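Here are a few friendly notes on the charged side chains in this structure. Please have the coordinates open while you read.

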Amino acid sequence: MTVSIALLGAGRIGRVHARAVTSVAGVRLAAVADANTEAANEIAATYETGVSTIDEIANDSSIDAVIIATPTGTHADLIEKFARAGKAIFCEKPVDLDSARARQCLAVVEETGTRLMLGFNRRFDPNFQALKQTIADGRIGNPEMLHIVSRDPAPPPVSYLASSGGFFKDMTIHDFDMSRFLLGEEIETVQASGSALIDPEIGKIGDFDSASTILTTVSGRQCTISNSRRATFGYDQRIEVLGSKGAVSAENLRPASIELATAEGFLRPPIYDFFMTRYVEAFAAEIRSFAENLKSGAAMSPSGDDGLKALEIAEAADMSAREKRLVYVSEIRG
């Protein structure tokens with residue numbers, strides 16, 4: 001069985017997904033849609049497919065599913081449109097920048113029985129999956145404390161940040177999802193501190209570029225998250241889990257795992273420089289999972305509910321940083 005998937009959005013993340021789709025056996029990139037016809041044509045030419053409109057894709061019965069890689073503000077409307085069109089949906093995080101709107105959207109997904117998967121690619125990174133399996137196997141006992149380091153090499157343009165939804169919804173939301181994924185419990189409280197230390201222009205638009213966050217689960221397990229929009233040495237991605245019997249960690253990846261020792265000291269190659277190189281395997285693996293679940297009928301994971309819960313934590317973190325207090329996630333849900 002070949003699964004036909006159309007791509008909505010031909011920007012940076014759209015190109016990543018186009019490459020991922022075409023790397024998975026039994027999956028066909030059926031069409032590309034984007035308001036930027038030049039970008040759409042470029043992907044179509046690279047992967048030998050056609051350019052269509054969103055309406056044409058919705059009405060094409062030969063297309064089984066869509067990947068939504070458009071700007072965040074369009075996600076909820078497109079999810080609803082393609083849910084009503086009977087397509088399975090893979091959507092980049094988040095469902096929306098507002099949790100109330102996300103709940104409305106997910107109600108349509110449930111009503112139509114739509115298969116929806118959210119794009120939290122880090123769950124599919126082989127190293128982070130190995131962390132998860134080590135915890136599940138009981139090798140470190142009961143997990144008690146999780147530490148996540150996630151830092152970008154440099155901040156994106158302020159013009160992007162102005163419509164991104166803010167630091168916690170745009171960047172830290174991946175780490176909020178990882179906290180639930182690795183600890184296996186819901187987050188009860190959030191305490192966050194945010195600053196604009198890198199670019200004063202980021203502060204002027206009311207956003208942060210540096211933040212530290214403490215999450216506490218319903219049983220008292222803790223997760224600390226260190227985020228920055230600047231790491232001059234590369235794309236810094238590290239996780240450590242401390243348990244009752246030991247600890248397990250995942251370090252930064254490098255293009256080559258070598259170390260040179262000379263009289264001057266010890267040298268290793270630099271770490272990967274951005275998410276598009278660091279998470280190549282993860283992007284392919286999540287699309288593979290999406291396609292396999294389509295074929296088998298298995299539940300989609302991460303689900304729309306996973307996306308909503310990460311968004312609620314992000315809203316709680318933003319509230320905590322601005323109001324300088326501990327916030328219960330239940331406050332966001334009303």
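**Notes on salt bridges**

1. Arg-325 and Glu-323 are joined by a salt bridge, 2.7 Å from N to O. The term stands for a side-chain nitrogen of Lys or Arg within 4 Å of a carboxyl oxygen of Asp or Glu. As background, oppositely charged side chains can pair when their charged atoms come close.

2. A word on the source: this is a predicted model, where local features need pLDDT of at least 70, side-chain atom pairs count only at pLDDT 80 or more, and totals for chains, interfaces and linings use all residues. Residues are numbered from 1 along each chain as its sequence is written, and side-chain values use heavy atoms, with hydrogens and water left out.

3. Arg-325 also forms a salt bridge with Glu-331, with 2.8 Å between the closest N and O atoms. Arg-325 is partly exposed at 30% relative accessibility (buried is under 20% relative accessible area, exposed over 50%, partly exposed in between; 1.4 Å probe, protein chains only). Glu-323 is partly exposed at 44%, and Glu-331 is partly exposed at 34%.

4. Elsewhere, salt bridges with shared partners link Arg-123, Asp-177, Arg-180, Glu-186, Asp-305, Asp-306 and Lys-309 into one network.

5. Asp-305 is partly exposed, at 38% relative accessibility.

6. For your tally, the salt-bridge count comes to 24.
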